[in-house]
Structure formats: structure tokens, C-alpha cells
Amino acid sequence: MKKTIRFDQAFRQVLQVVIRWLNATANSGKVVLVRDLYGVFRIAFETQPEQEILEQLQAELSIEGGSYFPRTSRHFFFKDDLIAPEAIFDCLDAWTPPDGPDNFQVLDRHLTGREWLFPATKNTGITPPRAVFFGIKGGVGRTTALAMLAWHLSKLGKNVLVVDLDLESPGLGPSLLPSMKTSGDSRIAQGWPEFGVVDWFVEDAIDQADDDLIEDMLGSSKLASNGEIRIVPACGGLVDQDYLSKLSRVYMDLPKLGKDTEVFGDRLARMLDQLEEKTKPDVVLLDCRAGLHDISSAALTRLGAVNYLFAVDTDQTWDGYRHLFLHWRHQIERLDGIRQRLRMIGALTPANEIPSEYAKRFADHAHRVFLEIYDKPSGDSEEFNFSPNDERAPHYPTLISSHQAYLRFAPLEEAVQLDESRAREAFGGFFEMAVSDLFPEEEA
Amino acid sequence: MKPNYGAAAIRHFKDAKCLKDKHRSHLPGADHLFGLATECALKRILEKNGLLTLTPDGKPEQPNLRGTHGHPPDVWDEYLSYQGKNRALPVLPTTNPFFGWDISDRYSNGSSITDAVVTVHHDAARAALNAMQGS
């Protein structure tokens, strides 16, 4: 019995047919292969081919695409007939496959995670350095490392803004702000700002993300010493709020009549701009949720931040990063130097390991995955390529050791966690790397 | 005249339902209007999401909308290829329910329109209207 044609196979085969046809034809207009949310293919032509050619294509593609090219759909569109031609011919999501001609693009529609393939947003002003803390898996000490870095930078006299973007599992607020308690009639927890990141998104949708709101989203952490640590929690300190009702409305693109829709990542960038404008920090640290989630896509690709990728050296970690890099690899050029903004962090390094040996082994595994987004060696001096043991390479880890003292992270309660020498033992290398990364001029 | 796609979608749908419920002889008319109701609802969603823009005198900005385009069945597939452009575009079923529906059938004697066909088009129009009203 003939095997059903599945998603990936259909794409490979349909792409092959279209590219073969394009290479053999004189069609010079732009051609866009659209794969819709169901994975079903349609082709939009700027210049209409002969009917006979379309029939041949239809017949061939029905075979190669199976149910992803169903006979009961209209598969061919011509630019002049479209209601919104720019939404197909001039769309940020479209890309040219490496073996396709220049007049050909693939437009893959995604219900979520679209912004993994978007370039950075255009900032209107000069922003302070931003660092995104991301992990493909959770529970590797990402938030702890962020809080400890904020503490360290504050000791160096830096004003730090930290923002919790782990909206589905908020952790930064509870780590850096006092335990949630109210006193007297107050409906807001002591020491907490009234609002958080989710509030900004719901208020912004009806044009109410004003200066007052920004003011009421900012808390101050007691971890601060020489510089301030301002914190924007995911969830504010209002006691009787419905957090999930707000969370369910966060990931919204805002349609605008007669204008381009403002996608989620652009809104996130606008929120950050507003917060930075208000607090004028020296540096911004963003705690981004683990996994291949929408907010991670926006934070990693769109904010122009350096991205600290947390990992433990296991197959499941590398498989996760490989999925991401395979998605990026054909379009890496347009992601605004994303490769230069990646830093691997070897988290939870076991205490019984010799760090230099562990780092080499880690780097070797990471390198295999990073090869997906490194250039193939061609002798070109501009190429982005590193050997496994190159310590300057994005894949080469900065290690954070697994330390008993930080298993339950609560620095406001457990003073030992802020003990200078203990912190240096676990985070010293990371602090050093981050400082030179975020403040390169001072380093020089 | 400036089109009001939303109001037109509802008007065509209500009229179509009246005709459908009245007598079998009105099925071709009902079927035609379910198609137009769907078209208007999809255009309203696209308009609301900034994908269909009208000039100040109410004409669609694409001057070349011609032939069968902009009508079912094409408009359904066209809509499916825009879904995902932004998260606010509601998702419609993948199988085009208007395959075989033709805007030129307004010139036909209507003998090919069966109960079953009208039911499919009724359900499709309702899905499009729900999408329009929920978006």
C-alpha cells in the first residue's frame, strides 16, 4: 500500500517540483510558495503562466504533495487578482531557499513562534545593553544566574533593570522582591509594584500603557547595593487580580486599520523602550521562559540583545537547540547578526568535574549543533565558523557550577547566597564574561 | 458607495436563511446568497485586519479584482493563505466548502442545487460569520 505523504515529505517534494519548474522556465515574475497554517500549499504568481503549464503543475504537485496539495482547493493565485497582494509578495516571513532562483520565495505561515525568523525591531533611540536569559529546558538555574548577575552589577555601581518575561512561570519577582504580604487595608503586597508585564499588554491593547502604568510596574530590589536594581515582575503585587485572564491576552498582534499589524515582538520592544526611557538603566536583564515559546522567539531575535543560552550537557538539550538552529539555518543572514549575539552557558556544572575537561566535552557537543548555523568553510575571511575548541566561539561554554548553597534560591532570606567568595566560586566566570560582554569599552 | 462588508454579510445570510426555510424552489437563490454572505464576511475580516483597504471613495485599493477572484470558491483559499499573517485572523476549515459553487450560477436555471449542497454552504457561511463576529 502506498504510504501517506506527511508534512516534511510533502514540503521537500513540492519545493523540488516548483524549483525544477522555475529553473526550466522563463517566468521572470516573482513566485511565492505559500504553506498555510494547515501545511497546505498554494502558489502566487506575479506573472500568470499559460493555463497548460498550470495544469501540468497541478497534476504533478497533487501527486508529490498528497493531501497537502488537495484537489479540492484553488492552488494558484495571480498578483493582480489578490485582495492583499502585499501580504504574500511583500511579507517579512518569506525567504528564498538556497537552491531556488532569486525570483522565488517560500512563505510559511505559523500560528505561533513566527518571530523566530524575524529580524530585530528598529529602535528609535540608543538603548542600554540588553541580555536575554534563555534555556531550551527549565530548571537549570537561569533565573538564579540572572539575579546573581544583577546583584554583582549593582555592586559594580551599575543601575540594573530586570524584567521577568517568564510569564507562564513567574520567578524573578518572588526571588528579588519580598514575600507577598499585605498590611492593613492595602490590596498590594508590601514592597511590590502594583502591576507587572502582563498588565502592560492588556492596557496597551486599548492604548492605556501610559506613564503612570510604567511607574506602577517598577519595584526595587533589596539586593541592590551601589547601583539600583529596578524590577518589573511578570505579575504585579495586586492581591485580588486574575492573572490568567490577563496572561491569555498577552500574545496578541494588534491589527491597525490601514496600517501594518503590530506584531507581538514589536509591542514587547515598545514596552522595553518605555521602561528604559523611564529608568535610564546601565543594563537590562531579561528572564525569558524556557523552551521554544513565542515570547522566547520575540526576545531572542527581536530585541538586539545578547542571548545567554543555558544548557546542561545532555542529548535532550542538544536536540532542542538543534531544532531551533535547523529552523534558523536557511535564514540566518537576515536575523541581524543573531549568531554574534549567542553565548552558551554551561549550567549546573557537576562539582565532581574538572571544569576545563567538562568545558571541552560540552564544547564538542555544542559545536555539532552550532554547525547548523555556522558557515561551511570556504576560505573566505568573513565566514562565521569556529573549531570545537575555540574559546571565543558562541558555542564554547562559560561555566556556572552546581553549588549546594544555591539549590533553593532565596537570597533575601539566605544571606549565605550573597557571600562574596561563595558567589565567585559558582558564578565568577559567568560574571566576568557578562561584564566584558555588556560593557566592552570599560573592559578595554 | 462605500461597501459595508459586515452589514452585507449579515443581510445576505439572513435572506438566504429565509429563502432556504421557505420552499425548495428557493434553494438556488439561498445558495447564491450563502456564497455572497461568506465572501462579505471574509472581506470584512481582512478589512478589519488591515489587509483589505478601501480608497476614500470606497473602492477596493486593488483595482484589478476581476473574473472569479474575490468570490467563492477562490476567496476561501485566498483567505486561508493569509491566515497566520497575524494572530488575530481567525482560522477557518481547510477544505474549501465552495468547490463547485460559481458566481456565474446566477445566470443558471438552478436545477443542480440540492438540499445537501445548500446545507454545506449554509454551514460555511455561518462559520465565516462567526469568525467575523468573533474577531
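Which strands of chain A does helix α1 (residues 7–23) lie across? Helix α1(A) lies across β1 (31–35), β2 and β4 of chain A, and runs at about 170° to β1(A). (Axes are lines fitted to C-alpha atoms, for helices over the stretch in contact, with angles from 0 to 180 degrees between N-to-C directions; helices, H or I of at least four residues, and strands, E of at least two, are DSSP runs numbered from the N terminus.) Keep in mind that this is a predicted model, where local features need pLDDT of at least 70, side-chain atom pairs count only at pLDDT 80 or more, and totals for chains, interfaces and linings use all residues. Residues are numbered from 1 along each chain as its sequence is written, while chains are lettered from A and ligands numbered from 1 in the order in which they are written.

**Domains and sheet**

- Chain A is assigned a domain 1 (7–109) and a domain 2 (121–443), with bounds from an automatic or database domain assignment.
- Taken over C-alpha atoms, the centres of these two domains of chain A are 39 Å apart.
- There's an open four-stranded sheet in chain A, ordered β3-β2-β1-β4 with mixed pairing; strands pair if DSSP finds at least two bridges between them.
- Its edge strands are β3 (76–78) and β4 (104–108) of chain A, each pairing on one side only.
- Strand β2 (residues 41–45) of chain A pairs with β3(A) in the parallel sense over three bridges, and A:Phe45 has A:Phe78 as its bridge partner in β3(A).

- Helix α4 (residues 142–155) of chain A has 14 residues and reaches 20 Å from first C-alpha to last, close to the expected 20 Å (1.5 Å times one less than its number of residues).
- Of those 14 residues, 13 are buried, so α4(A) is largely enclosed by the rest of the structure. Buried takes 20 or more other C-beta atoms within 10 Å of a residue's own, exposed 12 or fewer, partly exposed in between, with C-beta atoms placed from the backbone.
- Just past α4(A), A:Gly157 has a positive phi of about 90°.

**Between the chains**

- The contact (C-beta atoms, placed from the backbone, within 7 Å) takes 32 residues from chain B and 32 residues from chain A.
- On the chain B side, α3(B) gives the most, with six residues.

Methods. Two residues are in contact if their C-beta atoms, placed from the backbone, lie within 7 Å.
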